[in-house]
Amino acid sequence: MESEAKMIDESGLRIDGRRVDELRPIRIEAGVLKRADGSAYVEWGKNKVLAAVYGPRECHPRHLQNPAKALVQCKYNMIAFSVTDRKRPGPDRRSVEISKIISEALEYVVFTENFPRTSIDVYIEILQANAGTRCAGLTAASVALADAGIPMKDMVPSVAVGKINDQVVLDLCKEEDNYGQADLPVAILPRTGEVLLMQMDGHMTIDEFNRAVEYGVGACEKIYALQKDALRRRYAIEEAEPIDEEPRRERAEMEG
Ligand code: ADP
């Protein structure tokens with residue numbers, strides 16, 4: 001990682017005009033897909049992420065079934081046009097790693113013991129990538145799980161903190177990620193302070209690390225509020241719809 005490029009100006013503003021402890025604009029929508037049991041769409045700066053959840057459903061292949069609990073199986077995928085150069089489609093080392101860490105974070109919050117032998121499948125599609133996609137993906141996935149009505153302890157907000165020009169900064173964008181000195185994605189539950197994800201790329205001093213975690217905790221609280229708001233909006237709309245069962249019944253008959 002290089003650090004020569006000056007990415008914070010005299011007044012402490014970053015290349016996109018943010019302060020060091022400022023998030024990019026985040027928009028979360030729940031229930032955006034009709035076929036999936038639960039879904040969510042997240043726009044996070046220039047990131048665009050779609051998450052869909054199916055299940056709990058019978059786990060295949062069957063030898064993976066756990067008689068004591070459900071399996072949370074996440075597939076993180078960057079689509080071919082999500083980055084500047086066409087990304088070669090299909091799994092690679094990076095997406096296998098990200099799928100694993102997101103599965104583990106989600107498995108911690110879902111009451112998996114309620115659904116033995118099943119699989120809860122979580123699909124994360126990165127439509128447009130601009131750094132921090134694992135965090136945006138995890139944030140979207142937990143909203144999609146809640147939208148699917150899957151019992152869980154809590155939703156999981158996630159954000160990356162980093163270091164550029166020897167300063168700790170919240171929520172790196174692509175340029176900062178490329179030239180920055182460190183990248184620390186975290187997922188911290190606001191209610192309990194539990195850490196469900198923490199990775200570190202690069203170097204930080206202990207003081208910098210402590211400040212980064214402090215920024216991460218504050219940002220996770222904000223993201224958590226946005227997640228809850230997305231779910232509230234999703235279900236408020238349904239409640240406000242006039243209750244007319246006739247067309248719904250006709251539609252159900254047509255769809256079989
Ligand atoms: P995250 O997206 O969680 O920050 P990484 O640190 O691995 O994960 O990647 C940082 C950013 O690098 C991604 O968000 C994306 O913008 C970019 N990137 C990752 N893989 C590719 C790729 N194959 N081609 C081009 N850009 C990529």
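This is a predicted model: local features need pLDDT of at least 70, side-chain atom pairs count only at pLDDT 80 or more; totals for chains, interfaces and linings use all residues.
Residues are numbered from 1 along each chain as its sequence is written. Local features need pLDDT of at least 70 and side-chain atom pairs count only at pLDDT 80 or more, while totals for chains, interfaces and linings use all residues; side-chain values use heavy atoms, with hydrogens and water left out.

Helices and strands are DSSP runs numbered from the N terminus (helices H or I, at least four residues; strands E, at least two). Helix α1 covers residues 93-109 and helix α2 covers residues 133-147. With 17 residues, α1 reaches 25 Å from its first C-alpha to its last, close to the 24 Å expected at 1.5 Å a residue. The expected span of a helix is 1.5 Å times one less than its number of residues. For the 15 residues of α2 this rule gives 21 Å, and the end C-alpha atoms are 20 Å apart, which agrees.

The axes of α1 and α2 come within 10 Å and cross at roughly 40°. That makes α1 oblique to α2. Angles under 35 degrees count as roughly parallel, over 145 as roughly antiparallel, 65 to 115 as roughly perpendicular and the rest as oblique. Axes are lines fitted to C-alpha atoms, for helices over the stretch in contact, and the angles run from 0 to 180 degrees between N-to-C directions. The crossing of α1 and α2 is right-handed, that is, the near helix is turned clockwise from the far one by less than a right angle. On the α1 side, the contact (heavy atoms within 4.5 Å) is made by Arg-94, Glu-97, Ile-98, Ile-101, Ile-102, Ala-105 and Leu-106. The α2 side contributes Thr-133, Arg-134, Gly-137, Leu-138, Ala-141, Ser-142 and Leu-145. Of these contact residues, eight are nonpolar, three polar and three charged. Here Ala, Val, Leu, Ile, Met, Phe, Trp, Tyr, Cys and Pro count as nonpolar, Asp, Glu, Lys and Arg as charged, and the others, Gly among them, as polar. An α-helix has 3.6 residues a turn, so residues three or four places apart point the same way.

Buried means under 20% relative accessible area, exposed over 50% and partly exposed in between (1.4 Å probe, protein chains only). The buried residues of α1 include Ser-95, Ile-98, Ser-99 and Val-109. Among the elements that cover the buried residues of α1 are β4 (71-78), β5 (118-128), α2 and β9 (195-198). Helix α2 is largely enclosed by the rest of the structure, because 14 of its 15 residues are buried.

Some backbone angles also deserve mention. The peptide bond from Gly-55 to Pro-56 is cis, with omega near 0°, and Pro-56 is found in strand β3 (residues 47-58). His-60 and Pro-61 are likewise joined by a cis peptide bond, with omega about -5°; Pro-61 lies in the loop between β3 and β4. Ala-131, in the loop between β5 and α2, has a positive phi near 75° although it is a residue other than glycine. Ala-131 counts as buried at 11% relative accessibility. Just after α2, Gly-149 takes a positive phi of about 75°.

Asp-171 is not a glycine but has a positive phi of about 60°. Asp-171 is placed in the loop between β7 (167-170) and α3 (174-179) and counts as buried at 2% relative accessibility. Glu-176, in helix α3, is buried with a relative accessible area of 0%. Not counting residues up to four places away in sequence, Glu-176 touches Met-7, Arg-14, Ile-15, Arg-18, Ile-164 and Asp-171. Glu-176 and Ile-15 are 161 residues apart in sequence and 8.5 Å apart in space, C-alpha to C-alpha.
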